[in-house]
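Hi,

Here is the structure I said I would pass on. Have a look, and my notes follow below.

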Amino acid sequence: MTFFPDGILRRSRWIAIAWLAVGLITAVQVVGGMAALGRQHDWAAVFFTTAAAWLIWVVATPFILWLSRRFPLTRPGDWRNLPVHLAAALAIGVARIAWAAALEWAINPLNHPDPSYRNEFLTMVYMQFHTGFIIYGATVAIDNTIESIRRLARREAEAARLAGELSKA
């Protein structure tokens, strides 16, 4: 028996591909933007650290989808599940910042003269704290939209089947 439902695990490959694409697109934008400004850095290191910072979402997304199903926010009375999602978004956001700061500190792509994990972490908190909540919320919203479309398709198929049976009767 696994922790996650089969549907989430089957989609894990596509989740990984999607987050890898986001990371690569972001890395291209960061490197391109810095190069356009005339900055001189180790572009491969900047590209790698920027892209790799997004990989935590590959691990977090199946967990977010599981929480979205286990503690839904789709019905009016589901507001009581909101603290679970806020705590998860906070934990994942802090883990993402810790991961990105560790990459920046270990690789030092911007060639800071005296890199410090503490400074990298606090800088990331200042600049990116809100993004964890935004990405978490968007992931839950996308999952709820997809599930709603699937439920509607099943209802329409069932209605068509029943209409067909009724016309034969």
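First, a term for the helix packing: an axis is a line fitted to C-alpha atoms, for helices over the stretch in contact, and angles run from 0 to 180 degrees between N-to-C directions. Helices are DSSP runs (H or I, at least four residues), numbered from the N terminus.

Some housekeeping: this is a predicted model, where local features need pLDDT of at least 70 and side-chain atom pairs count only at pLDDT 80 or more, while totals for chains, interfaces and linings use all residues. Residues are numbered from 1 along each chain as its sequence is written, and side-chain values use heavy atoms, with hydrogens and water left out.

On confidence, pLDDT (the predictor's confidence in each residue, from 0 to 100) averages 90 over the chain, and 94% of the residues score at least 70. Where pLDDT is low, the predicted coordinates should not be read in detail.

Now the packing. The axes of α2 (residues 12–36) and α3 (residues 43–53) come within 8 Å, crossing at roughly 145°. That crossing is right-handed (the near helix is turned clockwise from the far one by less than a right angle). Contact here means heavy atoms within 4.5 Å; α2 contributes residues including L24, V28 and M34, and α3 contributes W43 and F47, among them.

Next, the cores, meaning sets of buried Ala, Val, Leu, Ile, Met, Phe, Trp, Tyr and Cys residues joined through side-chain atoms within 4.5 Å. Buried is under 20% relative accessible area, with a 1.4 Å probe and protein chains only. The largest core has 16 residues, and W19, W57, I64, I92 and Y136 touch the most other members. At least two residues come from each of α2, α4, α5 and α6 (117–168), with α4 giving the largest share, 7 residues. Leaving aside neighbours within four places in sequence, Y136 contacts W57, I64, L67, H85, A88, A89 and I92. There is also a second, separate core of 7 residues, including A52, A53, I97 and A100.

N81 sits between α4 (56–70) and α5 and is buried at 11% relative accessible area; beyond four places in sequence, N81 touches F71, P72 and L73. N108 is in the loop between α5 and α6, has a positive phi near 50° and is buried at 15%. N111 is found in the loop between α5 and α6, with a positive phi of about 55° although it is not a glycine.

Cheers

Conventions: Buried means under 20% relative accessible area, exposed over 50%, partly exposed in between (1.4 Å probe, protein chains only).
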